[in-house]
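Dear colleague,

Please find the structure below, handed over for your work. My notes on it follow directly after.

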Amino acid sequence: QVQLVESGGGLVQTGGSLRLSCAASGSIFSINVMGWYRQAPGKQRELVAGITRGGSTNYADSVKGRFTISRDNAKNTVYLQMNSLKPEDTAVYYCNADLRTSIATMTSRYWGQGTQVTVSS
């Protein structure tokens, strides 16, 4: 079994910062891409940022220059540093990992349970 456990969400004022963490554990052979998505009420889940094992990153246009994704491969952990937060960043944030549980399995996507981020105006 594989688990992704997020932490670091909460309530913050406009202009504030939060750092999200997501640790993957369990039967893991290798992790390729890790990332963060978010879903606001009444909206579809959208990509926030992604990072490959080698450190290549991509960001949604709405967060470029404000959010930074990073990862610690030794700890199977991905981070999202969020600065200059805006009310429109309010959402449930989900981490994901594209991983293999053994050398014989194909890559599958796993999701965390989500963590709430609320930015007050």
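Does Tyr37 count as buried or exposed, and at what relative accessibility? Tyr37 counts as buried, because its relative accessibility is 17%; here buried means under 20% relative accessible area, exposed over 50%, and partly exposed in between, with a 1.4 Å probe and protein chains only.

Please note that this is a predicted model, in which local features need pLDDT of at least 70 and side-chain atom pairs count only at pLDDT 80 or more, while totals for chains, interfaces and linings use all residues. Residues are numbered from 1 along each chain as its sequence is written, and side-chain values use heavy atoms, with hydrogens and water left out.

The aromatic pair

Rings of Phe, Tyr and Trp (for Trp, the six-membered ring) pair if their centres lie within 6.5 Å; planes under 30 degrees apart count as stacked, over 60 as edge-to-face, and the rest as tilted. The count by this rule is one aromatic pair. The ring centres of Tyr37 and Trp111 are 5.1 Å apart and the planes stand at 70 degrees, so this pair is edge-to-face. Because Tyr37 lies in strand 4 and Trp111 in strand 10 (residues 108-111), the pair ties together parts that are 74 residues apart in sequence. Strands (E, at least two residues) are DSSP runs, numbered from the N terminus. Trp111 has a relative accessibility of 34% and therefore counts as partly exposed.

The disulfide

The structure holds one disulfide (a pair of cysteine sulfur atoms within 2.5 Å). Cys22 and Cys95 form this link, with their sulfur atoms 1.9 Å apart. The link is right-handed, with 40 degrees about the S-S bond. Distant parts of the chain are joined by the pair: Cys22 is in strand 3 (residues 18-26) and Cys95 in strand 9 (residues 91-100), 73 residues apart. Both Cys22 and Cys95 are buried.

Four strands form an open sheet in the order 1-3-8-7, with antiparallel pairing; two strands pair if DSSP finds at least two bridges between them. Strand 1 (2-7) and strand 7 (67-72) stand at the edges with a single partner strand each, so one side of each has no neighbour in the sheet. Direction ignored, neighbouring strands of this sheet are turned by 15 degrees against each other on average, where axes are lines fitted to C-alpha atoms (for helices over the stretch in contact) and angles run from 0 to 180 degrees between N-to-C directions.

Strand 1 and strand 3 are antiparallel and pair over six bridges, and Gln3 stands opposite Ser25 in strand 3. Six bridges also join strand 3 to strand 8 (residues 77-82); Val78 in strand 8 is the bridge partner of Cys22.

Ser21 also lies in strand 3, and it counts as buried because its relative accessibility is 17%. Apart from neighbours within four places in sequence, the contacts of Ser21 (heavy atoms within 4.5 Å) include Trp36 and Val78.

The nonpolar core

A nonpolar core is a set of buried Ala, Val, Leu, Ile, Met, Phe, Trp, Tyr and Cys residues joined through side-chain atoms within 4.5 Å. The largest has 29 residues, of which Trp36, Val48, Phe67, Val78, Leu80, Met82 and Tyr93 touch the most other members. Strand 9 gives the most to this core, with five residues.

With kind regards
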